[in-house]
Amino acid sequence: MSKYEIILYWSEEDNAYIAEVPELAGCMADGPTAKEALHNVETVIQEWIETAAELGRSIPEPRGRLRYA
């Protein structure tokens, strides 16, 4: 489980829960339930970090303030 802050909300437009990681630009996932969106975003966080490392980009340290809001 990552230590990055996650913002979780319902999107009427997408008809799904959206989980965004503000510290990692463009890092987000969705799911039909809040639990699934959180699970999916953990996978996307790992993929974001792996891709950034492969491309030699900096990876922000987690602020660790909130697990999700």
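On one side of helix α1, H39 and E54 are exposed. I start there, and the rest of the helix follows. Please keep in mind that this is a predicted model.

Helix α1 covers residues 34-54, which is 21 residues. From its first C-alpha to its last, α1 reaches 30 Å, close to the 30 Å expected at 1.5 Å a residue.

Now the other side. Which residues of α1 are buried? They are A37, L38, V41, E42, I45 and A52. Around the axis they cover an arc of only 145°, so they sit on the same side of α1. H39 and E54, the exposed residues I began with, are on the other side.

What do the buried residues of α1 pack against? They pack against three strands: β1, residues 7-11; β2, residues 16-20; and β3, residues 28-31.

One remark on what comes after the helix. α1 is followed by G56, and the phi of G56 is positive, near 75°.

Next, please find Y17, which is in strand β2. Is Y17 buried, partly exposed or exposed? Its relative accessibility is 29%, and therefore Y17 counts as partly exposed. Buried would need a value under 20%, and exposed a value over 50%.

Y17 and A37 are 20 residues apart in sequence, while their C-alpha atoms are 6.0 Å apart in space. A37 is one of the buried residues of α1. Leaving aside neighbours within four places in sequence, Y17 is in contact with A37 and A34, and also with P32 and T33.

Y9 takes us to the last topic, the surface. Which residues form a nonpolar patch there? The patch is made of I7, Y9 and M28, with about 250 Å² of accessible area together. Y9 lies in strand β1, and I7 is in strand β1 as well. Y9 has a relative accessible area of 34%, so Y9 is partly exposed. For I7 the value is 33%, which makes I7 partly exposed too.

A final distance, for anyone with the structure open. How far apart are I7 and I49 in sequence and in space? They are 42 residues apart in sequence, and 18 Å apart in space, C-alpha to C-alpha.

To recap the helix: the buried residues of α1 lie on the same side, and they pack against β1, β2 and β3. That is where I stop.

Key
Residues are numbered from 1 along each chain as its sequence is written. This is a predicted model: local features need pLDDT of at least 70, side-chain atom pairs count only at pLDDT 80 or more; totals for chains, interfaces and linings use all residues. Side-chain values use heavy atoms; hydrogens and water are left out. Helices (H or I, at least four residues) and strands (E, at least two) are DSSP runs, numbered from the N terminus. The expected span of a helix is 1.5 Å times one less than its number of residues. Buried means under 20% relative accessible area, exposed over 50%, partly exposed in between (1.4 Å probe, protein chains only). The arc is that of the directions from the helix axis to the C-beta atoms. Contact means heavy atoms within 4.5 Å. Patches are made of residues with over 30% relative accessible area and no salt bridge: like charges are joined within 9 Å, nonpolar side chains (Val, Leu, Ile, Met, Phe, Trp, Tyr) within 5 Å. Accessible areas come from the Shrake-Rupley method with a 1.4 Å probe; for residues, only the protein chains shown count as cover. A salt bridge is a side-chain nitrogen of Lys or Arg within 4 Å of a carboxyl oxygen of Asp or Glu.
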